[in-house]
Amino acid sequence: MSQEQSKDMIIVKGLCKSFNGVPVLKDLDATIRRGEIVSIVGPSGAGKSTFLRCLNLLETPDSGTILVDGENAEEMDVRFLRRKMGMVFQQFNLFPHLSALENIMSAPTTLLKESKEKAEEHALDLLEKVGLAGKAWAFPWELSGGQQQRVAIARALAMRPEIMLFDEPTSALDPTMVNEVLGVIRSLADESGMTMAIVTHEMRFARDVSDRVFYMDQGVVYEEGSAEDIFERPKRERTRAFIRRVDTIRFELDKDFDYFGFDAKIDDFAMKHLVEQERRELLVRLIEGLFDNFFFLKVDELVFTLGITEKKDVELRFMYGGPECNPLLVKEASEDAASYFVRSIIEQNKLEAEFNVIDGKNVMEFVLLASS
Ligand SMILES: Nc1ncnc2c1ncn2[C@@H]1O[C@H](COP(=O)(O)OP(=O)(O)O)[C@@H](O)[C@H]1O
Ligand SMILES: [Mg+2]
């Protein structure tokens, strides 16, 4: 172990990854320095999760190299690699039949062969660190989402990793619980000297906590810089467009989607951003119309993102699978009634609309301008 520690903890070169022939990571280069806190932001579908998953070989890269602490990740013992690199996901995935304490002790006792006493002592310290000292014997179902995610963080820390990867750790949480989890990550970042990569939609958090920010778009790190560079003076066009959105809310819809309360969530989000009543009503009507007449008929899988820009423009982005389907091209109701409906909605309301195919997915975007 006489090897001198380089300042770079992770060096990624030319990373490519496709799923079913569709490229998701396209020759991605990135470097994360030792002890650095990097936030990764960008639109859904950009490849952020795939990037993190390649780092600890949850996905096998098609080509390119990943050096972790000077070693080629693909040549490392995968158990060793994952021990070095803890990961926290959007879904906490705690073992339901184990208490918080047992969840945290599980990997150290089985994989690291730590003694029970030692593992328990460490687990109790970690529970205290994440603000859950009193919850050692609680089962996951007795804990709130925020508490479960804090246990998941403690569980990852129990392996004493040098690197922590977070993939949208607060996206599955009720808004009231986001801050308690961000607070834990923030204190880790402040004190530990650990190297961290955090995929997040929480822009204020990213701005505060990061040494550097990666803006990912269409399978590459499209722009990187200090938090100030990226948030205050982004240089490239797509970064700018992304950053001027002050907030977004995102829905993943499948066949089991709970439509009940959906309208209220959209209205609350728009109200929170002081969108006036008239435009809020229009927004809800539009979305209802699009779902009833188009999405429910046409698609099985949809990611819907609603964004608000600084100017209070409302941006709607629908990303859906299936064959290419661009409603903007349909001229007559007889061609395709559902698509024609979308087109008429756009014309009646004078919306700015755009359609693209990105990585094999249909992406339709509308803007409801603040002045209209
Ligand atoms: N296991 C997989 N199989 C097929 N497609 C996948 C898989 N994982 C991700 N994808 C696709 O890759 C693209 C990028 O996904 P992802 O890395 O999750 O993006 P992000 O995290 O930025 O939203 C998406 O179009 C997604 O559907
Ligand atoms: Mg993701």
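Start at T50: an N or O atom in its side chain is 2.5 Å from an oxygen atom of ligand 1. That is a polar contact (a pair of N or O atoms within 3.5 Å). This is a predicted model, where local features need pLDDT of at least 70, side-chain atom pairs count only at pLDDT 80 or more, and totals for chains, interfaces and linings use all residues. Residues are numbered from 1 along each chain as written, chains are lettered from A and ligands numbered from 1 in the order written, and side-chain values use heavy atoms, without hydrogens and water.

Next, select G45. A polar backbone atom there is 2.7 Å from an oxygen atom of ligand 1. At G47, a backbone N or O atom lies 3.0 Å from a ligand 1 oxygen.

Now show the shell around ligand 1 (a heavy atom within 4 Å). Select F19, V24, P43, S44, G45, A46, G47, K48, S49, T50 and K361. Color helix 1, residues 48-55: it gives the most to this shell, with 3 residues. Helices here are DSSP runs (H or I, at least four residues), numbered from the N terminus.

Move on to helix 5 (residues 145-157) and helix 6 (residues 178-191). They pack at about 25°, axes 9 Å apart. The two are therefore roughly parallel, as angles under 35 degrees count as such.

Last, select the contact (heavy atoms within 4.5 Å). G146, Q147, Q149, R150, I153 and L157 in helix 5 meet E180, V181, V184, I185 and L188 in helix 6.

Definitions and conventions: Axes fitted to C-alpha atoms, helices over the stretch in contact; angles between N-to-C directions. Parallel < 35°, antiparallel > 145°, perpendicular 65-115°, else oblique. Polar contact = N/O pair within 3.5 Å; in protein donor to acceptor, adjacent residues only side chain to side chain.
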